Amino acid sequence: MEFLEVFRKRAFWGLDFLKGSPVRKHYNEVKFIMENFNSNKANTLRSNHLKNILKHAKETTPYYNKLNLGYDLNDFPIIDKGVVRENYEAFKSELFLNSKNTPVVTSGSTGTPFKLYHNADKRARNTADIIYFAKRGGFELGSRLIFMKVWNSINQKSPFKLWMENIKPYSIFNYTNKDIEKLLDDIKKDKSDKGIVCFASTCDVIVNYLDAIKAEPCNYNIKSIIANSDTLSNHTKDKMEKYFQVPTLSRYSSMECGMLAQQNYSGGYEFDINWASFYVELLDLEEDKPAKPGEMGRVVITDLFNYCMPLIRYNTGDLAFLSPNTREENGPPVLERIEGRKVDLIKDTKDNIITSHIVTVNMWKYSELKQYQFVQKANKEYAFRLNPWDTFPREAELIAEFKGYLGEDVNINIEYVDEIPLLSSGKRKLVVNEM
């Protein structure tokens with residue numbers, strides 16, 4: 001690491017030390033639990049964190065207190081954003097009403113704002129989670145970070161803070177060929193070791209551009225690429241690794257909870273779950289019972305550290321597959337893949353649920369497309385919204401292929417657009433159910 005990078009890293013930990021080392025203590029525990037998952041000490045730590053948050057929620061939070069619950073996780077009901085909104089004040093712990101809590105706001109995929117509060121210890125834990133998983137992803141604290149997202153007046157950092165955190169911000173709206181050329185040229189000119197954090201949909205656009213110009217693999221001193229917010233397809237992941245010669249990892253996180261899971265730097269498409277900071281359940285799509293390994297399930301999170309507004313058995317709205325295998329012998333369970341939101345499940349003409357994986361896996365071959373979005377509008381009525389680089393002469397082939405997946409009696413329309421719009425969260429949805 002260069003002098004300034006070492007300085008920034010030491011300055012961060014030095015300031016943390018002066019505050020009593022809250023982040024360092026959490027970082028050490030996260031690292032220990034994740035790397036010694038089946039040890040007695042790790043099991044005890046996780047068990048105690050779960051017992052403590054359940055006891056705290058039951059005894060200090062009006063919503064849980066009025067339900068007359070036991071102290072076992074299964075005694076607690078499944079909740080979601082709707083439940084929290086309807087009982088907002090009752091989810092606030094009475095012990096933290098006069099504390100300095102941090103608001104976090106997310107629009108989610110519905111576009112309806114959702115506001116939650118984190119206590120100071122939760123924020124320290126979240127920072128430790130991010131530092132630890134970034135390091136697992138190849139990024140060293142203090143290194144240059146190319147940060148691509150929707151930068152605005154709400155989340156913009158001061159010039160001094162950008163310098164201290166060594167962040168190069170790029171705002172993501174509508175990327176043209178010239179925008180991508182400039183981005184790649186800037187990355188090439190920056191000779192320092194660097195990491196990239198961006199939306200998965202940004203990776204799609206970059207890969208499509210590099211494919212279109214028949215680019216060769218390049219060495220830009222990139223040590224880490226982490227894609228978040230939306231789904232990174234296996235095809236795009238493989239292409240990014242080919243062009244930039246570094247593992248490209250998909251991260252699963254949320255504003256209200258934090259750092260939930262991330263793919264592994266050593267390879268593979270599975271997601272390592274953040275068992276240190278969350279208790280994660282995958283439940284059946286219809287019943288509140290565990291989904292079978294290898295089957296789609298609802299992602300239900302218990303946040304072990306938000307004592308300000310406890311989220312116990314919180315249904316994120318996302319879907320995933322729990323792998324029937326572990327990454328290593330006797331290792332922790334991992335997610336085989338993360339599917340997207342339940343509200344965007346699509347169905348074939350016989351009313352069977354179709355995984356969005358059918359779309360994302362099979363669209364990579366249509367290299368004429370800069371962007372696409374697949375939409376179910378009604379029973380047997382679908383549309384492809386296409387943003388091609390130039391022209392798209394393969395309409396008939398595309399329709400015929402998806403008739404094979406959805407049913408021969410399907411009606412698929414092609415709609416050409418100049419851009420697939422961003423949600424206010426900065427995400428672009430590849431599969432949408434508008435019924």
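Visitor: What makes F91 count as buried?

Guide: F91 has a relative accessibility of 1%, and buried means under 20% relative accessible area, with exposed over 50% and partly exposed in between, for a 1.4 Å probe and protein chains only; therefore F91 counts as buried. This is a predicted model, in which local features need pLDDT of at least 70 and side-chain atom pairs count only at pLDDT 80 or more, while totals for chains, interfaces and linings use all residues. Residues are numbered from 1 along each chain as its sequence is written, and side-chain values use heavy atoms, with hydrogens and water left out.

Visitor: Why is Y64 called buried?

Guide: Y64 has a relative accessible area of 0%, which is under the 20% limit, so Y64 is buried.

Visitor: Why is the pair of Y64 and F91 called edge-to-face?

Guide: Rings of Phe, Tyr and Trp (its six-membered ring) pair if their centres lie within 6.5 Å, and planes under 30 degrees apart count as stacked, over 60 as edge-to-face and the rest as tilted. The structure holds 18 aromatic pairs; for Y64 and F91 the centres are 5.6 Å apart and the planes stand at 85°, so the pair is edge-to-face. This pair links distant parts of the chain, with Y64 in helix α4 (residues 62-65) and F91 in the loop between α5 (81-86) and β1 (102-106), 27 residues apart, where helices (H or I, at least four residues) and strands (E, at least two) are DSSP runs numbered from the N terminus.

Visitor: How do you know that the charged end of K41 sits over the ring of F32?

Guide: A charge sits over a ring if NZ of Lys or CZ of Arg is within 6 Å of the ring centre and within 35 degrees of the ring normal. For K41 the distance from the centre of the F32 ring is 4.8 Å, and R337 lies over the face of F321 at 4.1 Å from the ring centre.
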